[in-house]
Every structure is written in structure tokens, then in C-alpha cells.
Amino acid sequence: MQPNTGTPQVAQIALSNIETIPGRTIIQSLGVVTGSTVRAKHIGRDIMAGFKNIVGGELKGYTELLQESRNEALQRLVLDAAQRGANAVVNVRFATSAVAGGAAELFAYGTAVIIQ
Amino acid sequence: MPDIEYMFVVGIYTLSILSPIIIFLISWFGGNWHQKRLRYDLLAREKAMPKDNVSTLRSPLPGRRVVRSDLLAINIVAAPSHWQLFNARIKSIFGGNIKSLDKILDWGRQEAIQRLRELAISNGFDEVLNMRLETSTIQADQSGNSKNASVEILAYGTGVSYQ
């Protein structure tokens, strides 16, 4: 059992952001898989962040919010990969974009592969 | 002798004028103190590391066998203080290097990388390969102006443990 790495461990799918899973051989590529989520901050956190902004530094509320959202995006990516019958996703990349005011889209994409 | 109602009105009036100044002063001194403490804390944690286990190499060094790997990601939302933002707005009239924003962004990046190092150690990985940094602006309103500017810094990489 692996300790919590901050990334979701669904269906034993190996993730990496390099071209291979180190130490394993890729047999087949199954195309691009994506996962995205749009999250808005809630007003309580917004107000607290406003106070914290006076002195600057880290805004912990937003850090947690974005961490949760990114985990959700990754989870969707992993589910997409599992549906295609892959057992690994390589070259995972993250992207963030601000859509309508106060909401952020978190996006993860990668290539689903079957490894030995 | 001034009556109580008059004193109340005068009190509210002075407070409404003084409160931005008070917040500004808190932001100036409190912010500088807080951020200095954050920087010293980060330096101490960086010095406590035996060696840097994060690299931007895309594959492990030759001759090493990897037994386990996983994706590691960590983020941080860093924000400048009101004082630093004010400073930046004044500076941006004349252009040039804006030191006050340099400081907080530099801190945010180093902190994100340091957290990735600590995450790798706490999960038992020997090294992090292909570390990437992503920065994105959050907290902007519809017109793109941001009153409370802040940036999200995301550091991610592949943790590997060697045989």
C-alpha cells in the first residue's frame, strides 16, 4: 500500500510526467486522455483571503481549494484512461486558466498507454 | 461641553479616515515582518536538506534501476501584501524592475520546489525527475483587473526510487 502522494490512486493506474514509466516497457498507445474541472471559491474563503492579502504570503484557503480541484481533474483523467483499458498515463501535464470571474479551470492531460 | 452624539459622529468620521492608513501601516510593517519570517523559515528548511533531490532531467541517470515511480504535484498560492502592490503600482508608472513583487514570487517558487522535495522524501522517493513549474494568475474579475492579486505556483514531477 502506497502512502498518500497527493495524487489519487484509482484502479492502479501509473502516472508520470516523463515519456515512460521508469523501469517498464510501453506496449501500446491509446491516445490522449484529459480531465478537467471548474471550481469557484466560496465567499468565506474570499473574505479570509482578503484579510490575509494585507500582509501577503501564502493564501492557504486557495492552496487547499486548488489542490482539491487538481486532484479531481487527475481523477477524471485516470477514469478516462481506465475506460480505454490503459494501465498507465505518461507525460501528464497540468494547465490552469481563469474563466468567468472568480472561477478557475484546472486541466490535466496525458497519453494513455499499456505497459508491461 | 460637547454632547455624546456629536462625539460619536466625530469618532466615526476620524475612524473612517484613519482605517485605510492603519491597514496600510499594518500591511507595511506586518507584511515585511511576516514575509521575512517566511523567507528565513524556507532557508532553514533548505539548509536542512542533505542534497537536492529535484532535477529537470527527463530520465534517470544511466546505470540506476528504478523500482517505483509516481506523479508528485504540489501547489501554493502566493500573494503580495497591499503595501507591495501599492509599491508596484507606483513603480509601474516609471517602469523598470519591481523589486517588491520579485521578492514574493521568488519566495513562492522556492517554497513550491521545497515542498516538492519534502513530499518526495515523505513518500520515500529518492529523486524527482522532470520537475516543471506552472504559474497562473487567479483572482481576477471579469474585466481582468485584480484587486487582490495572487498567483498559483504549481510544481510537479515524477518521483522515482532506485534499487
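How many salt bridges are counted between chain A and chain B? The count is 2, a salt bridge being a side-chain nitrogen of Lys or Arg within 4 Å of a carboxyl oxygen of Asp or Glu. In one of them, Glu19(A) pairs with Arg58(B), with the closest N and O atoms 2.8 Å apart.

This is a predicted model: local features need pLDDT of at least 70, side-chain atom pairs count only at pLDDT 80 or more, and totals for chains, interfaces and linings use all residues. Residues are numbered from 1 along each chain as its sequence is written.

In the interface, 39 residues of chain A contact 51 residues of chain B (contact: heavy atoms within 4.5 Å). About 3500 Å² is buried between the chains, 53% of it from carbon and sulfur atoms. Buried area is the accessible area (1.4 Å probe) that two parts lose on being put together, summed over both.

Strand S1(B) spans residues 66-79. Strands (E, at least two residues) and helices (H or I, at least four) are DSSP runs, numbered from the N terminus. Of the 14 residues in S1(B), 12 are buried (under 20% relative accessible area, 1.4 Å probe, protein chains only). Strands pair if DSSP finds at least two bridges between them. Both partners of S1(B) listed here run antiparallel to S1(B).

Gly57(A) stands opposite Ala79(B), and Glu58(A) opposite Ala78(B). Within chain B, Leu71(B) has Thr158(B) as its bridge partner.

Ser81(B) sits in the loop between S1 and helix H2 (82-94) of chain B. Ser81(B) is buried, at 1% relative accessible area. Its contacts include Asn53(A), Gly56(A) and Gln35(B).

Terms used: Chains lettered and ligands numbered in written order. Heavy atoms only, no water. Buried < 20%, exposed > 50% of the residue type's maximum accessible area, 1.4 Å probe, protein only. Lists of a residue's contacts leave out its neighbours within four places in sequence.
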